[in-house]
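Here is a protein chain to look over together.

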Amino acid sequence: MKNTIFVLALLVSLVTYSQQKYTLSGTIIEAETGETLIGVNVIFPELRTGTTTNEYGFYSITLAEGTYQVNFSSLGFTTLSETIDLNQDIVRDVSLSGDTEQLDEVVISADVERASIKAPQMSVNTLTAGTIKSIPVVLGEADVIKSLLLLPGVTNAGEAASGFNVRGGAADQNLILLDEATIFNSSHLFGFFSVFNPDAIKDVKLFKGGIPARYGGRVSSVLEIFQKEGNSKEYKFNGGIGAVSSRLLAEGPLVKDKAAFLVGGRASYAHLFLPLFDIDNSAYFYDLNTKLNYRLNDRNNIFLSGYFGRDLFSINDSFVNTYGNAVVNFRWNHIFSDKLFSNLSLIYSDYFYGLELDFVGFEWNSGIQNFNLKYDLKHYLTDKLQVNYGLNNIYYSFNPGKIEPNSSDSGILEEQLIKKYANEFAAYVDVEHDITENLSMQYGLRLSHFIRFGQDEINVYADNNPVIFDPLLLIYQGADPIDTVASSRSDQLASFTNLEPRVSAAFTFDDDHSIKGSYTRLTQYLHLLSNTSSPTPLDVWTPSGPFVEPQILDQYAFGFFKNLWDGDYTLETEVYYKDIKNRIDYIDGADLIANNAIEQVILNGQARAYGWEFLLRKNTGKLQGWLAYTLSKSEQRTPPRNENEIGINSGEWYNTPYDKPHDISLYANYELNDKWSFNTNFVFQTGRPTNYPIGQFEFQEIVIPYFGLRNIERLPDYHRIDISATLKPRKNKDRNWYSEWVFSIYNLYNRRNAASINFRQNEDTGVNEAIRTSIFGIIPSVTYNFKF
């Protein structure tokens, strides 16, 4: 009996020993700068498992005791291979060296490693600053948003249009984050440029579907951009001089290998030359990016980052328009253990719009502010199971507009439109789970709770209905309030609670083939009031409340992914379907500007979008690039609320302003040698939906056109070719000053793409005629970039 017990005890101890597990963790940085690296693959080849670094370069993986080979790899860096004797918990910080010493290596930062085939995450695109800088754009200014437009499922309203549209969604349905802070307007100069300085950017990631539970608040996409942290090794400067703007960025150590700073600025200066041509008008922008980081110890890091940007447009000083974003973010990274990473963020974000009309005698300003507290944790339980969870609380203050006289004799009375206040709270849990060797999943749940607080005055309507239908004229119109009531800031005018499940799954047939599927529910409590095809600075954000329901999205996506020729090429193809409830729509003749009762001109409708996306990439060799094609449909409708109404557009589905059934993008980069490289892109899009008059009538000798159903016509199809050549002098290799010249031509064959088509009566013949308005023809440019 004793022998039996001894044998059993020995077996138990052996089993326990064989199952003993230890954790390998650490931070991965770039050797030359000390910057932490995002998305580095930590792979154990013999185990066919691994992990990646998070947004702050941290990784953790728990494995059974043993001796293993581990590979640390990332595109653009030399792969590091080591043998690890995992017989205890090990902290291993890693430095990766860049493949080259070029000014900016041009690589496509899609994760083409085989691990990406297994990952359940789908509908995601990533670009590096190098790729963004290589893409030819108007006036030679590298642009994040314009680069995204070359990806499948991403469009915009046209040249010089603000914002972007993802999978048939509106521009206000995109959550844009810069170092976790919300950016409400992503454009400079009404859409000519984006607000993101490519020199300050570290990572750009666009989520079009399968959005993890840690994100919320918008129903179309998440654009997440992280700024560089600053070089903690040595002082570095880089910048560029272009045709219309220049930029300069400085970074360096405050305490070597412990603290660093980054300061980057951009400004346009084309307006300085206008007086030479006796032009009193002016249009310019400037912005500033800043970041400080300090490593307190091995377990604690703090970051302070900020962005400030302004645009100014004026006509003879009698019309002055100023607008821009300002954000500040304080973050604290804390490592509780080798398996638990946390990040606490305190964020302030502000968008301001100002307008001065001197010839009328008043100033106007509006905007939105938010204060955001985030606490996110990531728990690395095993090499097969990771859990993300956290809390997020945002307090909003909305200023729909304030008008005040700009002189004592203007005759304008000061008036403040009613300010609005709201709070959005969310808690989430998100699980990354490798269930079997072939099946992996990411599933989670987000709980969001939105409160609309009291305000100085709110209208009361009969039957609680601010929009009524006239059965004789067959039109909708605003109802007259029967009363107004005041409420304190602590009162709750309305509240909404929503559960938002998310699930994504990937099944791999082998190392090179997989299929993926996802379901995403998202809720959006903020709405941009705009009846133009693309956002303008004058558009106003408004919160959900007593008369405006939150938008709720259900998106389904399915895709096939394949590595071709050992990863030299990758193929990604997806189909998707989106259904959105409570998409706001505007009654005919809606007046949105300075409207203190916006509920009188909007109705809750619905929207849907569906499509097929195709992306073929070439990832290696002298010639790299991609071909993207999207076949899609985007519609919305507002049906009648009862049998006595007809609904908007007779209750029928109609094309959204951003419906573009066919979208083709081709991008190519050819590295001829270490001195010359060439880039080109071709874009074709179906013309944007619009409205043309279908007839006219005369009233008191005035000719008035009338229109049919909404958006049944289209502008002509849009297409163009851009090219660029980059010259890197060979003398760069022998000195600390690195430079390059970028020669580019936008719209090579001078296509006059229509931004709009308007109709007028010819004064000589009296015949109606169509007038096409175009923004750009062919535009050559030269940019000089430098680094030292």
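What follows is a set of questions and answers on this model, which is a predicted one.

Q: How do you know how far to trust the protein, and what does its pLDDT average?
A: pLDDT is the predictor's own confidence, on a scale from 0 to 100. The protein averages 88, and 94% of the residues score at least 70.

Q: Why is I145 called buried?
A: The label goes to residues under 20% relative accessible area. I145 has 5%, so I145 counts as buried. You'll find I145 in helix 4 (residues 144-148).

Q: Which residues does I145 touch, leaving aside its neighbours within four places in sequence?
A: Contact takes heavy atoms within 4.5 Å. By that test I145 is in contact with G163, F164, S186, S194, F196 and L223. Take F196: 51 residues separate it from I145 in sequence, while the C-alpha to C-alpha distance is 8.5 Å.

Q: Why is L474 called partly exposed?
A: Partly exposed is the range between buried, under 20%, and exposed, over 50%. L474 comes in at 48% relative accessible area, so L474 gets the in-between label. L474 belongs to the loop between strand 31 (467-470) and strand 32. Its phi is positive, about 60°, although L474 is not a glycine.

Q: What makes N750 partly exposed?
A: With the cut-offs at 20% and 50%, N750 has 37% relative accessibility and therefore counts as partly exposed. N750 is in the loop between strand 50 (738-746) and strand 51 (754-761). N750 isn't a glycine either, but has a positive phi of about 55°.

Q: How do you know that strand 5 and strand 6 pair?
A: Pairing needs at least two bridges. Seven bridges join strand 5 (residues 66-73) to strand 6, so the two count as paired, and they run antiparallel. Y68 stands opposite I84 in strand 6.

Q: What makes strand 3 and strand 6 edge strands?
A: The open sheet has four strands in the order 3-2-5-6, with antiparallel pairing. Strand 3 (49-52) and strand 6 (80-86) each pair on one side only. From one strand to the next, the twist averages 25°.

Q: What makes a space a cavity, and how many of 30 Å³ or more are there?
A: In a cavity, a 1.4 Å probe fits but cannot get out. That rule gives 12 cavities of 30 Å³ or more. The largest cavity holds about 280 Å³ of space. Its lining has 25 residues, with K420, R452, T542, I598 and E599 nearest the centre. Strand 37 gives the most to this lining, with four residues.

Q: And how much space lies in the second largest pocket?
A: A pocket, in contrast, is an open set of points. The second largest pocket has about 1,100 Å³ of space. Of its 40 lining residues, N531, Y654, N691, R710 and N711 are the closest to its centre. Strand 39 gives the most to the lining of the second largest pocket, with four residues.

Note on methods
Residues numbered from 1 in each chain as written. Predicted model: local features only at pLDDT ≥ 70, side-chain atom pairs only at ≥ 80, totals over all residues. Heavy atoms only, no water. Axes fitted to C-alpha atoms, helices over the stretch in contact; angles between N-to-C directions. Buried < 20%, exposed > 50% of the residue type's maximum accessible area, 1.4 Å probe, protein only. 1 Å grid on protein atoms, 1.4 Å probe; cavity = no way out; pocket = protein on both sides within 12 Å on 5 of 7 lines; lining within 4 Å. Points joined across faces, edges and corners; volume = space filled by probe spheres on them.
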